[in-house]
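This report concerns nonpolar packing, aromatic pairs and one surface patch. The structure is shown first, and the findings follow.

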Amino acid sequence: FRHANDDRNAGAYDKAITEYQQCLDMATSLRDSLRIGNSLIGIGISNDLGGRFEEALQYYFKALETYERINNKKKMGGTLKNIGNTYRVMKNYAKASGFLQQALELQYAARDSAGIAKVLNDIALIYMDQDSSRKALEYFDEIIHTYDKYISEEVRAYVLNNLALIETDIHRYPQALNAYQSSLALMTKVNDQYGIALVLGNLGDLYYHMHDFPRALDYHLRNLTLVRRIHS
């Protein structure tokens, strides 16, 4: 399972899916529901990062059913979050909000500060996608100032990236640049190839808005090279 996670983080999504499927077969033969659900989630996330959203949802819903059968509320919350975030990427904001609110209720009930921060981040993204920048900024500020000590470096990297997107949108370019640089350093530290590509592309957009076209082009070309390599 660890090798599958490493391959997924490195952008080798098809290889990771094969490895997760092997884990799923073993877990099924052992009737280990928790590991069945975890394997299904791994396949779902790998499809999600590879841009195969419908396939990702199929595996997420199978995992959710598995976790519900064993009443694992922590895993249920994480899966609801994944479902909501995938619907957000697909621009189905009504479904995204519904699933994320369910996830948030479970995280509050469990008093899981790290989980709460992750869901707040995704809810903020819904506002951002619908051009409610100020509302999104409120959520990101709450995460940074209230929950920062509870979140992992991986989560902090994405929150900083998202915060920078909002700073760019409201023309606070120096603040955006600082947040992107911090995010990129964390993405590099944890070897998140998808995340590195994401920030490189966003830095390209930022420099474009700043009318620094040579740097914008450089970052977009670096982004393009990486996303081609990881087949995203």
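Contact here means heavy atoms within 4.5 Å. The model is predicted, and the contacts given below leave aside neighbours within four places in sequence.

In soluble globular proteins, nonpolar side chains tend to be buried together. The largest nonpolar core of this model has 48 residues, and those touching the most other members are Tyr60, Ile83, Leu120, Phe140 and Ile143. At least two residues of this core come from each of helix 2 (13–30), helix 3 (33–49), helix 4 (53–69), helix 5 (73–89), helix 6 (93–110), helix 7 (113–129), helix 8 (133–146) and helix 9 (153–169). Helix 7 gives the most, with 9 residues.

The surroundings of Phe140 can be listed individually. Phe140 is in contact with Asn121, Ala124, Leu125 and Met128, and also with Val159, Asn162, Leu163 and Ile166. Another core, of 24 residues, lies apart from the largest one; among its members are Ala164, Ala176, Leu184 and Leu226.

**A buried asparagine**

Asn161 is placed in helix 9. Its relative accessibility is 1%, so Asn161 counts as buried. Beyond neighbours within four places in sequence, Asn161 is in contact with Tyr180, Ser183, Leu198, Val199 and Asn202.

**Aromatic pairs**

A pair of aromatic rings is described by the distance of the centres and the angle of the planes. Across the whole structure, 6 aromatic pairs are found.

| Pair | Distance of centres | Angle of planes | Arrangement |
|---|---|---|---|
| Tyr127 and Tyr139 | 5.6 Å | 25 degrees | stacked |
| Tyr207 and Tyr219 | 5.5 Å | 15 degrees | stacked |

Tyr127 in helix 7 and Tyr139 in helix 8 are 12 residues apart, and their pair links distant parts of the chain. Tyr127 is partly exposed, with a relative accessible area of 28%, whereas Tyr139, at 17% relative accessibility, counts as buried.

Elsewhere, ring pairs link Phe61, Tyr87 and Phe99 into a cluster.

**A surface patch**

Which residues form a nonpolar patch on the surface? The patch consists of Leu217, Leu221 and Leu224, which together have about 270 Å² of accessible area. Leu217 lies in helix 12 (residues 213–229). Because exposed means over 50% relative accessible area, Leu217 counts as exposed at 52% relative accessibility.

Conventions: Residues numbered from 1 in each chain as written. Predicted model: local features only at pLDDT ≥ 70, side-chain atom pairs only at ≥ 80, totals over all residues. Heavy atoms only, no water. Patch = residues over 30% accessible without salt bridge, like charges linked within 9 Å, V, L, I, M, F, W, Y side chains within 5 Å. Areas by Shrake-Rupley, 256 points an atom, 1.4 Å probe, with all protein chains shown as cover. Salt bridge = Lys/Arg side-chain N within 4 Å of Asp/Glu carboxyl O. Helix = DSSP H or I, 4+ residues; strand = E, 2+ residues; numbered from the N terminus. Buried < 20%, exposed > 50% of the residue type's maximum accessible area, 1.4 Å probe, protein only. Core = buried A, V, L, I, M, F, W, Y, C linked by side-chain atoms within 4.5 Å. Phe/Tyr/Trp six-rings, centres within 6.5 Å; stacked < 30°, edge-to-face > 60°.
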